[in-house]
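The points take up individual residues, then helices and their packing.

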Amino acid sequence: MTTEPADDRPPAARPSANLIAAVAVLALGGAAVAGAAGLGPGPGTWPMVVGVALVVLGLVLAVQARRAEPPEQFTRSSLLVVAAVASMIAYVAVIATVGFEIPTALLAFVWLRFLGRESWRTSIAVSVGIVVVFYALFVGALDVTIPHLF
């Protein structure tokens, strides 16, 4: 006897949700391109590449919006994504003032412990390890100037 698994996915959103997502990606890409243009050719090169890629991907999403399967409807579990984005925005906002070490450790800890539901021990160890590895890589090996306390 074959039993099919229950479909426990959230309900589908309206078909217009794909087009709304495409417009959001286009807007983000356009903002990145505009910001990169203000930085100039040297420091603005990588942000320009990312911005152009977002614009192209947004256009592809817009073209495929009608044919694509509708995305999942926004649910309570979708708040994890909102929390992750909000914590990343806070991270970017404070890193220049506070430095690299503390915000990076806190961001990694919050993502591991509260969003990923890892144990306290794992969250603390990996968070500290991430800071040490990134610091060694960027400051030690690549000689990148980053805002830091130490």
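1. Glycine 58 touches Ala22, Val25 and Leu26, residues up to four places away in sequence not being counted; contact here means heavy atoms within 4.5 Å. Glycine 58 belongs to helix 2, where helices (H or I, at least four residues) and strands (E, at least two) are DSSP runs numbered from the N terminus. Its C-alpha lies 4.8 Å from that of alanine 22, although glycine 58 and alanine 22 are 36 residues apart in sequence. Glycine 58 counts as buried, because its relative accessibility is 0%; buried means under 20% relative accessible area, exposed over 50%, and partly exposed in between (1.4 Å probe, protein chains only).

2. On the basis of the work: this is a predicted model, in which local features need pLDDT of at least 70 and side-chain atom pairs count only at pLDDT 80 or more, while totals for chains, interfaces and linings use all residues. Residues are numbered from 1 along each chain as its sequence is written, and side-chain values use heavy atoms, with hydrogens and water left out.

3. Valine 33 is placed in helix 1 (residues 16-39). Not counting residues up to four places away in sequence, valine 33 touches Met48, Gly51, Val52 and Val55. Valine 33 and proline 47 are 14 residues apart in sequence, and their C-alpha atoms are 7.0 Å apart. With a relative accessibility of 24%, valine 33 counts as partly exposed.

4. Alanine 65 lies in the loop between helix 2 (45-64) and helix 3. Its relative accessible area is 6%, so alanine 65 is buried. Leaving aside neighbours within four places in sequence, alanine 65 is in contact with Asn18 and Leu19. From alanine 65 to leucine 19 the C-alpha distance is 5.4 Å, against a separation of 46 residues in sequence.

5. Does the length of helix 3 agree or disagree with its residue count? At 1.5 Å a residue, the 20 residues of helix 3 (residues 79-98) should span 28 Å, and the end C-alpha atoms are 27 Å apart, which agrees; the expected span is 1.5 Å times one less than the number of residues. Just after helix 3, glycine 99 takes a positive phi of about 110°.

6. The buried residues of helix 3 are Ala84, Ser87, Tyr91 and Ile95. These buried residues pack against helix 4.

7. Which residues form the contact between helix 4 and helix 5? The axes of helix 4 (residues 101-115) and helix 5 (residues 120-141) come within 8 Å and cross at roughly 145°. Axes are lines fitted to C-alpha atoms, for helices over the stretch in contact, and angles run from 0 to 180 degrees between N-to-C directions. On the helix 4 side the contact is made by Glu101, Thr104, Ala105, Ala108, Phe109, Leu112, Arg113 and Phe114, and on the helix 5 side by Trp120, Ser123, Ile124, Val126, Ser127, Ile130, Val131 and Tyr135.

8. Serine 127 is found in helix 5. Serine 127 is buried, because its relative accessible area is 2%. Apart from neighbours within four places in sequence, serine 127 is in contact with Ala105, Ala108, Phe109 and Leu112.

9. Arginine 117, in the loop between helix 4 and helix 5, has a positive phi of about 60° although it is not a glycine. With 63% relative accessibility, arginine 117 counts as exposed. Aspartate 143 lies in the segment after helix 5, and its phi is near 55°, a positive value in a residue other than glycine. Aspartate 143 is exposed, with a relative accessible area of 66%.
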